[in-house]
Amino acid sequence: MSTKADPDILIRRATDADKPGILAALETVFGSATALQAERSWDWQWRLDPRLQTPGYQGVVAECQGRIVGNTATIPAGLAIAGTQVSAWWLINGLVLTDFRGRGLAKGLLDHPAAGEIQLAKHISEPMRAVCQRIGFDALPATGTRHRRVSTRHRLGQILGRALGDLTGTLIDPLLGPAPRPELPVSIHEGDFDARFATLWEAARAAYPAICRRDPALLRWRYHQHPDADARVLTLDDAAGLRGYCVIRVFERPGRPRRRRGMILDLLTAPADAPAQRSLLAAALAELRRERVERVTCFHAGAGSGARLAELGFTPMGTRTSATQPMLVRRLPPAGQALYATLGDGDGG
Ligand SMILES: CC(C)(COP(=O)(O)OP(=O)(O)OC[C@H]1O[C@@H](n2cnc3c(N)ncnc32)[C@H](O)[C@@H]1OP(=O)(O)O)[C@@H](O)C(=O)NCCC(=O)NCCS
């Protein structure tokens with residue numbers, strides 16, 4: 001499809017052969033770190049994802065005289081609504097090169113049939129949010145990113161030395177927010193995502209109004225096969241099997257001073273099992289504190305997950321112009337509006 005204003009620009013389904021052009025565009029718009037990360041994880045993302053029906057890049061590009069000037073990638077969401085599989089896509093890495101902006105290309109990319117029917121997006125920049133709102137995306141209420149401070153020990157250690165920093169931090173950390181002990185026994189899970197995870201997933205798939213795929217194959221791909229593979233899994237067992245799990249990540253953000261950050265990537269229990277959710281989140285927070293993480297972020301959508309995080313002192317993380325960053329969806333049927341999603345969905349962070 002050519003655009004009206006620019007007959008030289010072709011908006012078309014992307015293929016793996018577009019890789020060099022897409023990486024160049026990512027570098028131009030988002031910088032070299034994003035482009036390098038996309039290159040490093042290319043095969044993992046576009047060959048190994050068990051949701052891909054055919055291997056290879058999925059998305060839409062705008063091409064002008066052989067150059068990629070606009071792009072959006074589409075990750076299959078594996079979405080089940082009321083237990084039935086539907087075709088839905090997470091949109092990531094949307095961009096238009098500066099010289100080509102303001103000509104309707106972003107709109108053209110998102111409207112292209114290859115960008116999929118049901119579209120989901122989180123962590124959307126202000127300009128892209130403006131585009132999405134003009135073309136019929138809706139904000140999902142009570143969704144967004146929350147964060148809280150966890151520990152001062154890492155930062156104080158950088159300033160005062162580890163021993164004195166730890167001592168001072170131990171006194172200050174209780175002032176940073178609630179730190180309840182988990183009421184149920186949560187443990188670190190080192191092994192494979194085994195059959196117990198499959199049983200929990202099958203029950204969750206049927207019980208949640210709408211949820212993206214979390215079977216062992218998907219979890220293995222997402223958390224064990226990832227090129228950085230630094231996720232940690234916490235599990236809560238009971239007599240009947242696995243009652244829930246939580247996945248966290250600890251990482252150092254580049255730059256000086258080096259900051260220690262955490263993410264709560266995934267949390268799965270039965271939808272109304274608030275005690276399990278509370279215990280898993282409390283244990284995750286304790287593990288992040290033990291790891292001297294300074295701040296943790298968590299995306300939440302559905303199943304009261306925002307309220308659970310608020311109980312633990314997490315507050316909404318806004319942007320320059322907005323107090324919250326709700327998820328945006330297009331053509332999501334009403335039955336899907338109670339979608340359950342976490343950071344691990346979509347681009348995974
Ligand atoms: C966001 C981005 C892709 C928009 O590209 P674009 O080609 O200029 O957008 P379009 O021309 O298709 O705009 C579609 C509509 O959104 C509006 N729009 C676009 N950018 C806007 C902005 N920054 N603020 C307000 N409205 C905006 C346009 O006016 C147009 O509205 P109209 O149809 O009523 O005229 C581009 O600015 C970009 O690449 N930004 C940097 C990367 C980025 O933020 N990516 C998103 C990551 S989540």
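I started with the three-stranded sheet: it is open, ordered S5-S4-S11, with antiparallel pairing. Strands here are DSSP E runs of at least two residues, and helices are H or I runs of at least four, both numbered from the N terminus. Two strands pair if DSSP finds at least two bridges between them.

I then looked up the edges. They are strand S5 (84–85) and strand S11 (210–212), each pairing on one side only. Strand S4 (residues 79–81) is joined to S11 by three bridges, and the two run antiparallel. I picked out one partner: alanine 80 bridges to isoleucine 211 in S11.

A note on the source: this is a predicted model, where local features need pLDDT of at least 70 and side-chain atom pairs count only at pLDDT 80 or more, while totals for chains, interfaces and linings use all residues. Residues are numbered from 1 along each chain as its sequence is written, and side-chain values use heavy atoms, with hydrogens and water left out.

Next I checked the whole protein chain. I found eleven helices and 18 strands. The radius of gyration is 21 Å, close to the 20 Å from the globule rule for 349 residues, so the chain is as compact as a globular protein of that length. That radius is over C-alpha atoms, and the rule is 2.2 Å times the number of residues to the power 0.38.

Of the 349 residues, 51% are buried, meaning under 20% relative accessible area (1.4 Å probe, protein chains only). Of contacts (heavy atoms within 4.5 Å) between residues at least 6 apart in sequence, 72% join residues at least 24 apart.

Key. Buried < 20%, exposed > 50% of the residue type's maximum accessible area, 1.4 Å probe, protein only.
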